[in-house]
Amino acid sequence: MLKILIADDEKNIRETIASLIDWESLDLKLIGCARNGLELIEKIYTLNKNTQFVILSGYNEFEYAQKAMQFGVKHYLLKPCNEKQIIRCLKEAADDYRTLYAASPAFSPSSPLNTQFQNNLMINLIHQGLTSFSGDPKAFQSFAFPSSRYEVCYLYYLEEQNRDEAVKAMISYRNQNFPALKIYTLYVKNTCIFLFDSTGVNYEELDKFLSSLTCPNQTAETSYERKTYDSFSHALYEIIRRIRKYEVIYYTNDTDFITINNHNNLIHDALALTDRLFQAAPEDIHIIFLHLSELLTGITNTAFLKQIASSVIITSVSRHPTFTAVSAAELLIHMEESENCQEICTLLTDQLEILIRERSSGNFTGTLSKKIQQYVEENLSACDLSLKWIAENYLYMNVDYVSKRFFKETGQKFSKYLTDTRIQKAKELLSSSETDKIQNIARQIGLENNPQYFSQIFKKNTGMTPSQYIRIMQGGEVEK
């Protein structure tokens, strides 16, 4: 925002002009009033010859105008003049200054120390924005940058192998057309972002240049848009909101790219979303799941994806009553075997969808079924365990009624639930057992009289024998 100083010998005129103009609508800031206009112009001109002056004078004399022109005065109005004439003249002076600012190297803060300071400040602000992002734009207002407008250019679908070439082309264009302009450049997956202080000049030619920018190795057509924000804090908020889902962010100081690691923030966000997934209202679950899926699919480093997936799984175990540690261990083993990020994401999101469906359908909330499930867990080793026995000897209710209620509340038949529970318990025992104890495990899950039958149903439900399962859980391989 440009600053305005009013100078006039007469107080009434100074105050009238100060109150007459809507300075903010012109993107100008009135900083004060002074006397002795021509003398003030002479002093300011000796300090900064790029300052723009507007003279409103009652003198209709060539000598006065000639003296004013010696001090770089280009805008001259004769009194009396109206508000429209003053505003038009102010706009012309502001445009002249902004054009001069953008084109003149004299304005450029080009000292190595100052450039290094700006780059360090920008990197710190990005780190701070990523770490403290709350979704509230007001939180960014404390960032100490000028309050003037900022332009942000987004170049989408720019592949990483063309990143450096595109940035060099932008720098070359800047040096030819706006040599004083400081551009902050960021790159995330397939998107290049250029941020710079808006000088108020026309950027149509810049838009044309970036819209038509081509790279020889580019396989997809790029897309471009430019947005103007009313302040640096607003522009930074929008940039952070877009880039915070990516694991690596690149920042350039016109010469080298600096890598900003976003791993800690992604882990924090993933765990927060997972926690919300199992506590949110039903109408909010879908959008939370989409945000979590988007975060996971944006990760391209396999080792980091496995790390973040493990954290999500462990959190899910603690939040979902039917997702056991054994089920989590099996899922982790499958993920560890894969080196494909898409496959790992699919394994994790498929499991999360199952848990969400169970939670939404109330599979573990029915009062009667909860009693039955609790009894089964406490008496799983009983050989005569059946729904008929539970209904008649524990619930004292009609078995047909109990069967219908259990199916309605859980979505599955009791026989299926009992088999699944026995297999799940067997997995827990097998994961810490030796093959010579399989008979003991059969007894602990209520199949004491027929260990061979236990092996058959275990293989039917898992695709492997108990012995093979033990080897898998111990890090071995299944024999072909």
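Ile372 touches Leu387, Ile390, Leu395, Val402, Phe406 and Phe414, leaving out residues up to four places away in sequence. Contact here means heavy atoms within 4.5 Å. This is a predicted model, where local features need pLDDT of at least 70 and side-chain atom pairs count only at pLDDT 80 or more, while totals for chains, interfaces and linings use all residues. Residues are numbered from 1 along each chain as its sequence is written, and side-chain values use heavy atoms, without hydrogens and water.

**Nonpolar cores**

- The largest nonpolar core has 32 residues. Such a core is a set of buried Ala, Val, Leu, Ile, Met, Phe, Trp, Tyr and Cys residues joined through side-chain atoms within 4.5 Å.
- Buried means under 20% relative accessible area, exposed means over 50%, and partly exposed lies in between (1.4 Å probe, protein chains only).
- The residues with the most contacts inside this core are Ile372, Val376, Ile390, Phe414, Phe454 and Phe458.
- Several helices supply at least two residues each to this core, including α14 (367-378), α15 (387-395) and α19 (451-462). Helices (H or I, at least four residues) and strands (E, at least two) are DSSP runs, numbered from the N terminus.
- Helix α17 gives the most to this core, with seven residues.
- In soluble globular proteins, nonpolar side chains tend to be buried together.

**Helix α10**

- Helix α10 (residues 282-297) has 16 residues. From first C-alpha to last, α10 reaches 23 Å, close to the expected 22 Å. The expected span is 1.5 Å times one less than the number of residues.
- Its buried residues are Ile285, Ile288, Phe289, Leu292, Ser293, Leu295 and Leu296. They sit on the same side of α10 because they cover an arc of only 155° around the axis. That arc is taken from the directions from the helix axis to the C-beta atoms.
- The face turned away from the buried side carries exposed Glu283 and His286.

**Strands β9 and β10**

- β9 (residues 248-252) and β10 (residues 257-261) pair in the antiparallel sense over five bridges. Two strands pair if DSSP finds at least two bridges between them.
- Tyr251 stands opposite Ile258 in β10.
- The hairpin has four residues between the strands, and Asp254 takes a positive phi near 85°.

**Cysteines**

- The structure holds zero disulfides (pairs of cysteine sulfur atoms within 2.5 Å).
- For Cys153, the nearest cysteine sulfur, that of Cys192, is 10.0 Å away. Cys153 is buried, at 0% relative accessible area.
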